[in-house]
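Please look over the structure below. The briefing that follows covers a group of aromatic rings, then a pair of packed helices, then the chain as a whole.

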Amino acid sequence: MARTAKKPRAPISLRPGITFDDVLERLTERGRPCDRAFLQRVYDFARSRHGDQKRRSGEPYFTHPTYVAYILADLGFDQTCVAVGLLHDVLEDTDADRRALAEAFGDDVAELVDGVTKIGQQAYVRRDDAQAETFRKMILASAKDIRVIMVKLADRLHNMLTLEHMSPEHQRRVSQETLEIYAPIAHRLGMAKVKGDLEDLAFYHLYPRQYAELEAKIREKMRGGEELVRRVEQTLREKLVAAGIEAEISSRVKRYYSIFTKLRRQGIDISQLYDYLAFRIITEEIKDCYAALGVVHQSWCPVPGRFKDYIAMPKPNLYQSLHTTVVGERGQPFEVQIRTREMDLVAEEGIAAHWHYKEHAGDSRQAAAGDPNILWLRQLLEWQKDTEDSRTFLTQLKIDLYPEEVYVFTPKGDVFSFPRGATPLDFAYRIHTDVGHHCSGARVNGKLVPLRTPLKNGDMVEIMTSSSRQPSRDWLSIVATSRAKAKIRHWLNTQQKREAEAIGRRLLERELKRLRVSAKKVLDGEAMAAYVREEGLQRVEDLYRRIAYGKTPVRQVLLRLIDDERLTSSREQQPGALRRAVDRYLPFGTGPVQVHGEGDLVTTLAKCCGPVPGEPLVGYVTRGRGISVHAEDCPNVRNLLYDPERLIEVEWARQGERSFPVALSIETEDHQGMLAKLTEVIAKESSNIRNFEATTVEPGFGIVDLVVEVKNRRHLERLRRAIRGVPGVRAVARPRAGARRARAAG
């Protein structure tokens with residue numbers, strides 16, 4: 001399609017044939033220190049490396065790095081940043097490597113050029129809002145120095161200025177990427193001028209017909225509005241002088257892409273757009289801004305709801321200004337922006353302007369609360385206040401936008417964000433649950449790595465799968481995302497339920513076989529189905545699981561399913577047979593605790609808390625070790641019970657005299673005869689000492705760790721009171737296993 005629109009104005013008036021001397025001159029004009037000999041070496045190195053390379057336009061390729069360096073000099077960056085602009089393509093397009101750059105110009109320059117190169121190698125593939133935001137974050141998080149982003153923006157700006165030499169498809173792709181990625185980054189950094197130029201250039205290439213129509217209509221409107229502009233400027237100038245306010249006044253047409261998006265958003269035609277004109281008043285002090293606002297509102301009628309005070313409440317990117325819309329003499333609305341000279345520079349150049357006005361760096365209004373992700377941007381002025389040398393300031397200026405996130409690529413080019421510390425296993429579960437379950441390995445940037453390897457920004461991750469691979473409990477310690485943890489836990493729970501169902505069925509089948517009853521006939525019969533319904537269960541598998549977990553005794557099921565006479569004749573042998581069946585599939589140990597209401601399932605006392613008779617208990621069905629019994633206040637069991645079905649009621653069994661080992665930790669004064677007093681008291685309370693260890697912690701103070709035998713909770717409490725009564729004893733406590741191990745390790 002032939003374009004009828006004029007090309008958008010260049011963001012910087014780059015006259016044809018920009019030379020190295022032009023770069024040096026602009027750098028000096030912007031007040032930046034300039035080491036001509038250093039920059040000459042950089043220029044000669046880059047030019048020799050690029051050699052006879054040509055651009056698509058036929059121009060020598062090196063005109064591009066020269067223009068990029070000029071843009072950076074015009075933005076006011078230091079000579080290091082300008083040098084990186086000259087060198088930014090040598091690693092990608094020539095035979096130079098990072099070591100050669102470091103040897104020639106230092107590690108700082110080499111690191112910056114390497115950072116720009118890496119950003120350029122990232123491909124933005126899938127175009128949607130979520131991917132665009134993630135890709136932008138990835139670029140910002142990948143850059144360690146703000147100058148990397150600045151060079152990349154300058155590079156993109158010049159590429160957009162010369163895009164007409166590329167194919168139509170390439171123009172559309174680069175323009176779309178500019179709108180979705182690079183213009184928003186410039187906006188986030190407060191660089192309104194660069195953002196506007198990028199958007200207008202992209203608008204021209206993406207929508208040439210709409211651009212041409214809009215430009216023609218705006219030009220037509222401006223022909224009729226020139227008189228309005230002249231009268232408004234004259235009125236403002238006269239009234240501001242009368243009010244004693246020193247100010248500069250300028251007017252402009254709003255950005256074409258900004259107008260275009262507003263028309264689309266509001267669904268209106270250009271004929272219905274009235275506030276395409278904007279006037280800007282630049283004052284010396286903040287108080288003059290508010291005084292000028294009063295003059296504007298006294299001269300024209302303000303539009304209700306269109307006043308914004310961004311001075312008192314700055315935007316997150318530090319933009320400050322007063323905005324108001326008023327109606328002119330002939331009903332023509334126009335916008336007026338009022339701000340100080342410093343605010344205007346920050347509004348136009350954003351991050352690039354922050355080292356031009358040091359004397360105002362401590363203005364507390366610029367530290368207003370805002371987006372925490374760019375808190376570092378709000379701190380720039382404070383940092384600069386303490387840094388006299390702007391070059392040092394720039395060197396120290398590191399990006400820390402998204403410290404808690406990493407951004408990685410799929411082999412197809414999609415970008416995913418993860419919390420820092422995430423691993424390839426997290427990535428696998430992000431792709432698909434089945435990919436995670438069957439993950440057998442991973443390649444990061446083409447190299448095989450362990451699944452627990454932390455991912456870094458810009459990594460390209462490829463997952464290998466195997467149908468035989470399944471999740472294990474160890475995977476819970478590898479993954480960092482809640483999504484992956486939940487998927488792994490769900491799989492483990494499902495597998496445990498299936499195993500429990502199989503165990504419960506086998507227990508029933510074994511008992512039925514012993515009774516010489518057809519297991520298939522009973523388990524698949526109507527009597528079993530009726531029993532399941534009466535118990536309020538959904539499936540027979542639920543019953544099998546309850547049997548395996550010890551919640552439904554096998555005898556109870558048999559009483560409902562088997563002929564009473566046959567069951568009675570074998571009742572005397574049943575406990576022993578059931579015990580053998582249980583021991584075969586769930587090899588439990590023995591202990592003084594029984595499952596509530598059932599004596600067939602044997603239990604073991606947990607060593608971590610060592611419960612004694614009289615203490616409230618909690619039972620937990622383990623895999624392969626039976627029912628583990630913990631004290632109710634034991635912290636370990638609460639961490640285990642993520643599956644409620646594995647919780648089971650237990651109670652102390654009625655037994656004769658029996659002793660239980662209990663660990664005690666005694667804090668004492670360290671003096672002669674203390675151990676003898678302790679052993680004497682323990683003996684008087686009819687308790688035996690199984691293990692004994694004394695340690696001097698500090699001069700005059702010691703810890704005695706021992707294991708004693710007690711009959712029940714009352715016996716334990718009597719013993720503790722007796723020990724506390726010994727002179728010199730400071731405290732007596734029952735340490736948990738973790739605490740004992742920690743002290744032993746210390």
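In this predicted model, ring pairs join Phe203, Tyr204, Tyr207, Tyr211, Tyr256, Tyr257 and Phe260 into a cluster. Two of the pairs in this region are set out here, Phe203 with Phe260 and Tyr257 with Phe260. Helix H11, which holds Phe203, also packs against helix H10.

**Aromatic cluster**

- A search of the whole structure finds 17 aromatic pairs.
- The ring centres of Phe203 and Phe260 lie 4.6 Å apart, with the planes at 25°, so this pair is stacked. The cut-off for stacked is planes under 30 degrees apart.
- Phe203 sits in helix H11 and Phe260 in helix H13 (residues 256-266). The two are 57 residues apart, and their pair links distant parts of the chain.
- Are Phe203 and Phe260 buried or exposed? Both are buried.
- Phe260 also pairs with Tyr257. This pair is tilted, at 6.3 Å centre to centre and 40° between the planes.
- Tyr257 and Phe260 share helix H13. They are 3 residues apart, about one turn of the helix.
- Tyr257 is buried, as is Phe260.

**Packing of H10 and H11**

- Two packed helices are described by the angle between their axes and by the distance between those axes.
- H10 spans residues 168-188, and H11 spans residues 192-206. They pack at an angle of about 160°, and their axes are 9 Å apart.
- H10 is therefore roughly antiparallel to H11. Angles over 145 degrees count that way.
- The crossing of H10 past H11 is left-handed.
- Which residues of H10 meet H11? They are Gln171, Arg172, Ser175, Gln176, Thr178, Leu179, Tyr182, Ala183, Ala186 and His187.
- On the H11 side, the contact residues are Val194, Lys195, Leu198, Glu199, Ala202, His205 and Leu206.
- The residues of this contact between H10 and H11 divide into 8 nonpolar, 6 polar and 3 charged.

**Whole chain**

- The chain has 746 residues, and buried residues make up 49% of them.
- Its secondary structure comes to 31 helices and 21 strands.
- Among contacts in the chain with a separation of 6 or more, 67% are between residues 24 or more positions apart.

Key: Residues are numbered from 1 along each chain as its sequence is written. This is a predicted model: local features need pLDDT of at least 70, side-chain atom pairs count only at pLDDT 80 or more; totals for chains, interfaces and linings use all residues. Side-chain values use heavy atoms; hydrogens and water are left out. Axes are lines fitted to C-alpha atoms, for helices over the stretch in contact, and angles run from 0 to 180 degrees between N-to-C directions. Helices (H or I, at least four residues) and strands (E, at least two) are DSSP runs, numbered from the N terminus. Angles under 35 degrees count as roughly parallel, over 145 as roughly antiparallel, 65 to 115 as roughly perpendicular and the rest as oblique. A crossing is left-handed if the near helix is turned anticlockwise from the far one by less than a right angle, and right-handed if clockwise. Contact means heavy atoms within 4.5 Å. Ala, Val, Leu, Ile, Met, Phe, Trp, Tyr, Cys and Pro count as nonpolar, Asp, Glu, Lys and Arg as charged, and the others, Gly among them, as polar. Rings of Phe, Tyr and Trp (its six-membered ring) pair if their centres lie within 6.5 Å; planes under 30 degrees apart count as stacked, over 60 as edge-to-face and the rest as tilted. Buried means under 20% relative accessible area, exposed over 50%, partly exposed in between (1.4 Å probe, protein chains only).
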